[in-house]
Amino acid sequence: MKFLRRFSSSERDAVIVLALVIIVSIILFPHLSEQDNGSSKSLRGSKSLRSLRVQEVQGDNHSQLSTINSQLSPFDPNTASEAQLLSLGLAQWQVRNILKYRSCGGRYRVKEDFARLYGLTLEKYRQLEPYITIAPEVMAADVVKREKSNRDTQNTRSAQDTRIIPNKNNPKKLRFGETVDINTADTAMLKRIPGIGDYFAMRIVELRKRKQAFTSPEELLSIRDFPETALTYMTASQNFPPIFINLWSQKELSAHPLLNYTQARDIMSLRRLSGAITRASDISALPSFDARTVERITPFLRYDTVKVK
């Protein structure tokens with residue numbers, strides 16, 4: 001205060017006013033700086049936002065222009081030029097990838113191969129799919145290989161189904177037109193039939209023992225997986241000896257190719273109960289004879305009651 005006494009009243013007022021101004025400035029300056037910084041940041045943010053919006057609009061316009069300017073026409077991805085690929089609406093880097101793939105020996109063999117192009121959307125692929133054409137020569141190797149594989153598979157299955165093994169140079173196998181009597185042939189003779197090996201030969205003999213004889217080769221089809229083509233090499237002879245049904249003993253009856261032990265026993269029982277058998281229908285009621293068996297043996301039945309000397 002002593003300092004202020006040196007000045008006049010007017011000078012003291014001026015000094016006080018100046019001091020107040022300085023104090024107020026010191027107090028308010030930080031707030032003004034913050035407001036200025038906020039205003040500048042807001043301004044810069046507005047400018048950035050406007051810039052992004054402009055870029056988005058430009059990007060949308062570019063996408064729309066790309067779609068509008070794309071010229072969809074048939075193209076072969078294996079031979080199409082860079083300009084043609086660009087005209088389809090593909091990006092420059094996608095076209096470069098296609099050209100690089102082709103330069104390394106890559107080939108698009110089917111339309112679906114083009115769908116694997118990196119960055120290609122499903123929508124874009126569906127748009128281009130109707131226009132994709134693949135040259136036939138590019139697919140030729142695959143098609144020929146696939147057709148050959150199909151033919152080989154078909155031939156293998158055919159051979160498996162018929163069980164026929166080619167024996168052009170095998171003299172042991174029958175030639176076309178030669179036949180074997182399945183009622184008299186042994187397993188060695190049966191194996192000469194094309195398609196018949198150890199397994200089927202044994203099955204034929206086993207079935208013949210149960211049936212006593214075959215009336216036709218078609219009866220062998222009851223054997224599972226039997227080769228039908230083998231039937232052309234077979235015959236079933238009917239040259240059986242007559243059956244003296246009233247004169248023979250049970251042992252003689254069961255030894256006949258068309259009768260078995262059970263049937264011979266039933267015939268003997270019928271003779272003891274009813275006397276002489278006079279017709280084939282007499283044995284049809286026996287449990288061991290069905291209609292087919294009776295029909296098969298009827299031509300060979302003899303009803304003699306007295307032995308001819």
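Colleague: Which residues of α9 are buried?
Modeller: In α9, the buried residues are Phe200, Ala201, Ile204, Val205, Leu207 and Arg208. Buried means under 20% relative accessible area, exposed over 50%, and partly exposed in between, with a 1.4 Å probe and protein chains only. This is a predicted model, in which local features need pLDDT of at least 70 and side-chain atom pairs count only at pLDDT 80 or more, while totals for chains, interfaces and linings use all residues. Residues are numbered from 1 along each chain as its sequence is written, and side-chain values use heavy atoms, leaving out hydrogens and water.

Colleague: What do the buried residues of α9 pack against, and which exposed residues does the face turned away carry?
Modeller: The buried residues pack against α8 (187–190) and β2 (234–235), where contact means heavy atoms within 4.5 Å. The face turned away from the buried side carries the exposed residues Lys209 and Arg210.

Colleague: Why does isoleucine 27 count as exposed?
Modeller: Its relative accessibility is 53%, and exposed requires over 50%; therefore isoleucine 27 counts as exposed. Isoleucine 27 is found in helix α2 (residues 9–69).

Colleague: How much of the protein counts as buried?
Modeller: Of its 309 residues, 29% count as buried.

Terms used
Helix = DSSP H or I, 4+ residues; strand = E, 2+ residues; numbered from the N terminus.
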